[in-house]
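This report describes a few features of one protein chain. Look at the sequence and the structure first, then read on.

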Amino acid sequence: MSEKNIIVIARFASILLTPFYLPVIGVGLLFSFSYLNNFPIQAQVILTVTVYLFTVLFPSLLIRAYRKHHGWTLIQLGRKERRIVPYIISIICYACCYTLMVRLHLPHLITSILVASLVIQILCAIINMGWKISTHTAGTGGVVGALIAFSFMLNFNPFWWLCLSILVSGIVGSSRIILRQHSLTQVTAGFFLGIMTAFVTIVLV
């Protein structure tokens, strides 16, 4: 495979597997492995779509608009000093989603996912002020941490889900390194930050 094709695949993986998918995946896991699977299908779909809108679609569109306004490419937006506004956008969107879920009096398990995602975003934003950390791998690490936490809380075997999540994390981390957006240290730090933050937040909140 040529270097050009590898870069194209890395860009595709980086765009497709954004760091915003943790809440959506977390909600999907809860509807699969917890008592929340007793919710009516329509309610499950509405909740999942709502979480998707606030944590994936809205921040992605707003960040893209911000990037287009400045005429930056994805690579140029990845510079440490230019990542502050995207962090603020995603934090506001996540906070709005959490507020909505709380006002709807949704189960604690669902809101804990949003809290974990919000904390990961805030920590990455703070760290980014002094050192560039990978939000992409923090997101995939968050999925791993959430899986481990829910496996203890809900008593299910997450082995194959963990294997898939770790594989995806490896693909995401490799794509960020190939695109020269992060070093191996930054990718690894983001991954373990996501795992620890999601696990501790979901267990303790």
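Which residues make the nonpolar surface patch of about 510 Å²? In this predicted model, the patch is made by Phe 152, Met 153, Val 200, Val 203 and Leu 204.

**The nonpolar patch**

Two helices, helix 7 (135-154) and helix 9 (184-204), each supply at least two residues of the patch. Helix 9 gives the most, with 3 residues.

Phe 152 lies in helix 7, and Met 153 is found in helix 7 as well. How exposed are these two side by side in the sequence? Phe 152 has a relative accessible area of 63%, so it is exposed, because the cut-off for exposed is over 50%. Met 153 has a relative accessible area of 38%, so it is partly exposed; this class covers values between 20% and 50%.

Phe 152 can also be placed relative to a residue elsewhere in the chain. Phe 152 and Ile 7 are 145 residues apart along the chain, and 39 Å separates their C-alpha atoms.

**Two packed helices**

Two packed helices are described by the angle between their axes and the distance between the axes. For helix 3 (residues 41-70) and helix 5 (residues 84-103), the angle is about 160 degrees and the axes are 9 Å apart. That angle makes helix 3 roughly antiparallel to helix 5, because angles over 145 degrees count as roughly antiparallel. The crossing of helix 3 and helix 5 is right-handed.

**Two loop residues with positive phi**

Where is His 105 placed? His 105 is in the loop between helix 5 and helix 6 (108-128). Although His 105 is not a glycine, its phi is positive, at about 55 degrees.

Asn 155 is found in another part of the chain, the loop between helix 7 and helix 8 (159-178). Asn 155 is a residue other than glycine too, and its phi is a positive value near 60 degrees.

Is His 105 buried or exposed? His 105 is exposed, with a relative accessible area of 71%. Asn 155 also counts as exposed, at 71% relative accessibility.

The table lists the relative accessible areas of the residues discussed above.

| Residue | Relative accessible area | Class |
|---|---|---|
| Phe 152 | 63% | exposed |
| Met 153 | 38% | partly exposed |
| His 105 | 71% | exposed |
| Asn 155 | 71% | exposed |

Terms used:
Residues numbered from 1 in each chain as written. Predicted model: local features only at pLDDT ≥ 70, side-chain atom pairs only at ≥ 80, totals over all residues. Heavy atoms only, no water. Patch = residues over 30% accessible without salt bridge, like charges linked within 9 Å, V, L, I, M, F, W, Y side chains within 5 Å. Areas by Shrake-Rupley, 256 points an atom, 1.4 Å probe, with all protein chains shown as cover. Salt bridge = Lys/Arg side-chain N within 4 Å of Asp/Glu carboxyl O. Helix = DSSP H or I, 4+ residues; strand = E, 2+ residues; numbered from the N terminus. Buried < 20%, exposed > 50% of the residue type's maximum accessible area, 1.4 Å probe, protein only. Axes fitted to C-alpha atoms, helices over the stretch in contact; angles between N-to-C directions. Parallel < 35°, antiparallel > 145°, perpendicular 65-115°, else oblique. Left-handed = near helix turned anticlockwise from the far one by under 90°.
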